[in-house]
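I opened a notebook on this structure today. These are my entries, in the order I looked things up.

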Amino acid sequence: MDSSPSTSPSELSPIDRAARGNEITGLAIFDNPPEDFPASRVEELMAEMHADQPSGGTDMAYGNQETQNLRFWPPKSPNGQSAKAPLVLFVHGGSWRVGTYLDSLGSAKLDHLTAKGYAFATVNYTLIPTVTVEEQVQEVADSLGYLVKNSATLGFDPTQLVLMGHSSGAHVVTLLGTDTSYLERAKVNIDCIRGIISLDGSNYNAMAEIIDSPGPIASNMTFGLGTDPERLTAMSPTCHARKPNAHAFLLLHVQRQGDIRQAIELSAALNAAGTDAALHVFEGESFEGHVQMLLRLGKPSYPATSVMDQWLETHVPVL
């Protein structure tokens, strides 16, 4: 039996803890890590994220604007395309105003999910302030409508759809999973949205973000959504969390206390409406954890990967 001492969390650097990403349970999810984060590390993480671009896939235009395109990958199965393959559509983050469908993706999740038999697409959209966030959400819905319309040619099941988003992209997909108006305009039935996977999202309750996450998160929120209470309510997934909703929600978060509170509130509202919602919190402080989750999800050694796999097997299995 190995009697060597284990490494305690306090003995690891914030970078190593975020990379390890063990799940945190109980009241420990409310531990408040220090918010001081060096600008040099932000630049390193952004460079790592932008360098991690996927290979392969087929680019497609879902609209008339230069920004309205997506990239699609069929599942990696022995027989290639499968008409029964579910589709995962990824929506990148960047506070609604930066990033692209390729440089803010994290390629590990693509490789992992297509190897398991899922079709995968990542969507580009017009950034604010060229458009409003409402128009941006509609573009994402329209991209899904395009994929569904062409599902027979692309080889996936249009009734087995998963929306996955990171950061502000997580806000977009949770809004699409609760406010059905966007999907209705795109001619996509909410019953076909079998899962929403939110990766360290924010603004589930936009007005409360001012108190929950003062600083850059709240500032980005008011830049994107303004300060009108009626609009903030309309753009808050928690305020729409009554049926009809997407079939099930998986909220994966790191140690950003304000957004954990918002995730608890959203999952409670969804469960109260009879919609299955699961919340899991993992090691990773502040922006370090935020980016590490994006980059590492899909790697077998990252604990959130197995949580995602088990959830998909339950709610949106490959048949």
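I began with R261 and E265, whose side chains meet in a salt bridge at 3.4 Å, N to O. I count a salt bridge when a side-chain nitrogen of Lys or Arg is within 4 Å of a carboxyl oxygen of Asp or Glu. R261 and E265 are four residues apart in helix α11, so about one helical turn separates them. Helices here are DSSP runs (H or I, at least four residues), strands are runs of E of at least two, and both are numbered from the N terminus. R261 is partly exposed at 30% relative accessibility. E265 is partly exposed too, at 26%. My cut-offs are these: buried is under 20% relative accessible area, exposed is over 50%, and partly exposed is in between (1.4 Å probe, protein chains only).

**Ground rules.** I noted that this is a predicted model, in which local features need pLDDT of at least 70 and side-chain atom pairs count only at pLDDT 80 or more, while totals for chains, interfaces and linings use all residues. Residues are numbered from 1 along each chain as its sequence is written, and side-chain values use heavy atoms, with hydrogens and water left out.

**Nonpolar patch.** I stayed with α11, which spans residues 257–272 and contains I264. Together with L27 and F30, I264 makes a nonpolar surface patch of about 290 Å². A patch takes residues with over 30% relative accessible area and no salt bridge; like charges are joined within 9 Å, nonpolar side chains (Val, Leu, Ile, Met, Phe, Trp, Tyr) within 5 Å. The areas come from the Shrake-Rupley method with a 1.4 Å probe, and for residues only the protein chains shown count as cover. I264 has 31% relative accessibility and counts as partly exposed.

How many salt bridges does the structure hold? I found 12. One of them joins the side chains of K76 and D111 at 3.8 Å, N to O. K76 sits in the loop between β3 (69–73) and β4 (87–91) and D111 in helix α3 (residues 107–115), so this pair ties together parts that are 35 residues apart in sequence. D111 is partly exposed, at 39%.

Next I looked at E134 and R231, whose side chains meet in a salt bridge at 2.7 Å, N to O. E134 is in helix α4 and R231 in helix α10 (residues 229–234), 97 residues apart, and the pair links distant parts of the chain. E134 is partly exposed at 24% relative accessibility. R231 is partly exposed, also with a value of 24%. I also noted a network of salt bridges that links R41, E44 and E288.

**Two helices packing.** At what angle do α4 and α6 pack? Helix α4 (residues 133–149) and helix α6 (residues 168–176) pack at about 70 degrees, with axes 10 Å apart. That makes α4 roughly perpendicular to α6. Axes are lines fitted to C-alpha atoms, for helices over the stretch in contact, and angles run from 0 to 180 degrees between N-to-C directions. Under 35 degrees is roughly parallel, over 145 roughly antiparallel, 65 to 115 roughly perpendicular, and the rest oblique. From α4, V133, Q136, V137, V140 and A141 meet H171, V172, L175 and L176 of α6.

**H171.** Is H171 buried or exposed? H171 is buried, at 0% relative accessibility. Leaving aside neighbours within four places in sequence, H171 is in contact (heavy atoms within 4.5 Å) with W96, V133, S202, N203, M235 and P237.

Most residues other than glycine have a negative phi, and most peptide bonds are trans. I looked for exceptions. The I128 to P129 bond is cis, with omega near 10 degrees. P129 lies in the loop between β5 (119–123) and α4. The K243 to P244 bond is cis as well, with omega near 5 degrees. P244 is in the loop between α10 and β8 (248–255).

Then I turned to phi. S167 is not a glycine, yet its phi is positive, about 60 degrees. S167 lies in the loop between β6 (161–166) and α6, and is buried at 12%. K187 also has a positive phi, near 60 degrees. K187 is in the loop between α7 (181–185) and β7 (193–199), and counts as exposed at 75% relative accessibility.
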